[in-house]
Amino acid sequence: MQGGPGGPAGFNSPGMPGGPGGPGGPGGAGAAGGAGAAVGAGVTAALGAVSGVLAKFRSGGAPGGPGKPGGPGGPGGPGGPGGPGGPGGPGRRAPKKGFIDHLRSRSTGWRRFLPSWKVVAGVFLLGVAGVVTMIGVAYANTPTPAEPTVAGVEDQASIFYYTDGTEIGRIGKKRQSVELKQVPAFVQDAVLAAENRSFRTDPGFSIKGTGRAVWVNLTGGHGGGSTITQQLAKNYYSDPNNRTMSRKFKELFIAVKLDKSRSKDEILKLYLNTIYFGRDTYGIQAASREYFGVNVWQLKPDQAALLGGMIQDANRDPADKANKAYVTSRYQYTLKGMVSMGKMSKADADKYMQRVPKVKDAGTGDQLYGGQRGYMLMRAKEELRRQGIEQQELTTKGLRVYTTFDRKRMAMAKKAAEHTVPQVNPKKLAKKGIRVGLVSVNTANGEVVAFYGGPDYLQQAFDNVWSGSAQAGSAMKPYVLATALKQNYSLKSMVEGKSNTPIDITTGNVVPKGSPNSVTVPNSHDVAPAVDLVTALKESVNTAFIQLIAKVGVPETIETAEDAGVASTLLEGYKHQLNLALGVNDIRPIEQAAGYQAFANGGVYHQPHVIRVVKQSDNRTVRLKPKFETHRVFDAKVAADATYALQQVIKSGTATAAALPDGRPAAGKTGTTDRNVSSWFIGFVPQVSTAVTMYNDKLGPDKKKQSVVLPQIGEVEGGTIPARIWRSYMAQATRGMDIEPFPNPVFGGIVQKWAKLPPKKKKHDDRPPWCNSPIGKFDPRCNGDGNGNGNGQGNGQPCQTPFQTDCDPNKPPSDPPPKWWCTIHRGDPACRKQRGGNQPNSAAVAPLLPLTRPPE
């Protein structure tokens, strides 16, 4: 065979000579042997060329010109043994495998399309490593916050309380957190039996349960197999509305971390306070109240089992008959679970399984604002808003709001307003525009004890006590009287009492009819032409108070009223009007009750309020202790004198219907406006001031408010219906309250005589004409009132002579009496018979002759 080709020319040097020829290839059968020899020679030549290049690079020579062609190859070596027989063909060497071929299971056939097992194993291991890495990274990056990350998960409703600690209502989400120790053990066991029986021993998660929960959620089902710890992770730290796989894994990681970082009791407490129970109710305490009307620590075992069974699908209301089968199955499932956990005997479970405990109907707890509660809660919310507590805080922070409302007296106020007078039905009257209001204030501090805001907040949201106002009528007169007393005028001062008497508006003096700058007003009834201030108030004399306010000043009266709590906005339009004394201005019931308290407590105004204290959700930390305005309106002497006059209104004036049945001292004032559009009675005892009003808000065809008219009663006046309602309420509200007297009146100040006193009439003298003569002293008729009622009675024995003094001159000394006795006692029956005859005694009808004292 020929030798291999010469080596390639080096850089800047001639080519190396060709290497020796390699051994000849094995002789093949036929053409195959020759082909092998040719391939062997080619390989040998190639190797020789490569060796030459490498040697040149090692010598470090510079590259030369192009090389010369190599010399002829050496002789071939002897041929090798022939290979195994095979089909004839070209004698070539098999090609080397490429990279792709190494990835295939086989290089030929259908298996060339399958990956090598090494590739499969490598990819699998790489995937496992990747998953493990990702899980580790995700676990490490999943936080377990100290606080919940789900918005509103800890939101709690704020609770409002009466003064006795009973609940008025709740504002906000139905949730109230409790400590685990407040939840009975059987309630805890019922929840665990229904939701996670292995809770006390599991690591916080269940792979099997999680898979089942994922499947149920993806297929649109409810509930699942998550542990309590996982449910807490979902509801407390994750997004319960996110149903993705990533959320499930996040919950799993949080659950694992929770189980490591918190005790089982801590996890169960959080769960019981956050889990949903339907009806927009969250937490075991709120659910206990919603479904059974009791606190969680008052639940019974069967009730606990029902609540526990509800958790899986809380929107299936147990009160709905359509859910009876489902609710029963869940209830029994929970009881059986408690038995299997060893937390309930089988006998008890069998007993409870006989019937499902009855729950309250849905919606019965939603009447939060029904009746008077709506008025109370809305007023309390408004007062809190003014103190800086807004709606957002109320509905989320679980505040404990302690009000001034007395639960029993609230019921008394409702009963008095709705049942005292048969014709007074506030619900029906409201449809006609007629409103009824009552409000009662503690005179010692301004706390609103009770009130009646209207028939039902859900039917009439308008509050008749705080929002409503009506003309005050004569109920404004006490402020005029107090102004006069402040200016050192006496209750004994005399003012005009005659109806339609012209009063000068600048001086307050009585002027002739038709005088310029004069005003006349009618009175409701006739009184004396001149009356003192006590009578003027007792009889509600209009002319007297028009004259009095002119004397003391309208601005001064407004100042007194404003100091007593009347809103300035309701008075500013009457700064120059004498008829302010008659109550042409509007006024609110709450202002009247608070204003009159100054008369009852010695002259001090306390701002009326309904909030005592606000605490945080722990019911210990004080959130707000509000402060309210207090100031003196007038001194105690003024209050004592004014109260004395106001007492006479009930004793013998326009409000005798208000006298209390136990006889305790009470004082007050009626108020009735022109055309009886509104009527009032505001009265008080030393401890409590109460205002009652009826007024019409409806306009008539003349665009004026209509009169308050009741069937079988007619037009309402302050001394009739309001006074009777006041008495009905106060008779009950003061039970058990000490009977306290009012201070004695001072009757201080200057006695003014602004009204002319009529001349005194001469007393008719029925005495005999000689009584002024020397002998008159011997006639007993001259010693008394002219009717023989003298004062000389002596020793009771008849007088034997007309000059005897130690005897009874009116007794006849004999029968028949002597002439002298009959002369003195003309017409006496004993003198009509003389000497036994039937003729009248002539001496008895004869002119009386003067008697002379005989000489001694």
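**Group meeting: salt bridges, strands and surface patches**

Asp662 is partly exposed, at 39% relative accessible area; partly exposed means between the two limits of buried (under 20%) and exposed (over 50%), with a 1.4 Å probe and protein chains only. The Asp662 side chain meets that of Arg664 in a salt bridge, 2.9 Å from N to O. By salt bridge I mean a side-chain nitrogen of Lys or Arg within 4 Å of a carboxyl oxygen of Asp or Glu. Arg664 counts as buried, at 7% relative accessibility.

Before I go on: this is a predicted model, where local features need pLDDT of at least 70, side-chain atom pairs count only at pLDDT 80 or more, and totals for chains, interfaces and linings use all residues. Residues are numbered from 1 along each chain as its sequence is written, and side-chain values use heavy atoms, with hydrogens and water left out.

How many salt bridges does a search of the whole structure find? The search finds 22. Another of them joins Arg612 and Glu447, at 3.0 Å from N to O. Arg612 is in strand E15 and Glu447 is in the loop between strands E6 (434–442) and E7 (448–452), so this pair ties together parts 165 residues apart in sequence. Arg612 is partly exposed at 35%, while Glu447 is buried at 12%. Helices (H or I, at least four residues) and strands (E, at least two) are DSSP runs, numbered from the N terminus.

Now to strand E15 itself, residues 611–615. E15 pairs antiparallel with strand E5 (residues 400–403) over four bridges; two strands pair if DSSP finds at least two bridges between them. In that pairing Arg400 stands opposite Lys615. E15 also runs antiparallel to strand E16 (residues 622–624), joined by two bridges, and there the partner of Lys615 is Val622. E15 and E16 form a hairpin with six residues between them, and Asn619 in the turn has a positive phi of about 65°.

Last, the surface. Phe124, Leu125 and Val128 form a nonpolar patch with about 310 Å² of accessible area together. Patches are made of residues with over 30% relative accessible area and no salt bridge, joining like charges within 9 Å and nonpolar side chains (Val, Leu, Ile, Met, Phe, Trp, Tyr) within 5 Å. Areas come from the Shrake-Rupley method with a 1.4 Å probe; for residues, only the protein chains shown count as cover. Is Leu125 buried or exposed? Leu125 counts as exposed, at 57% relative accessibility, and lies in helix H3 (residues 117–141).
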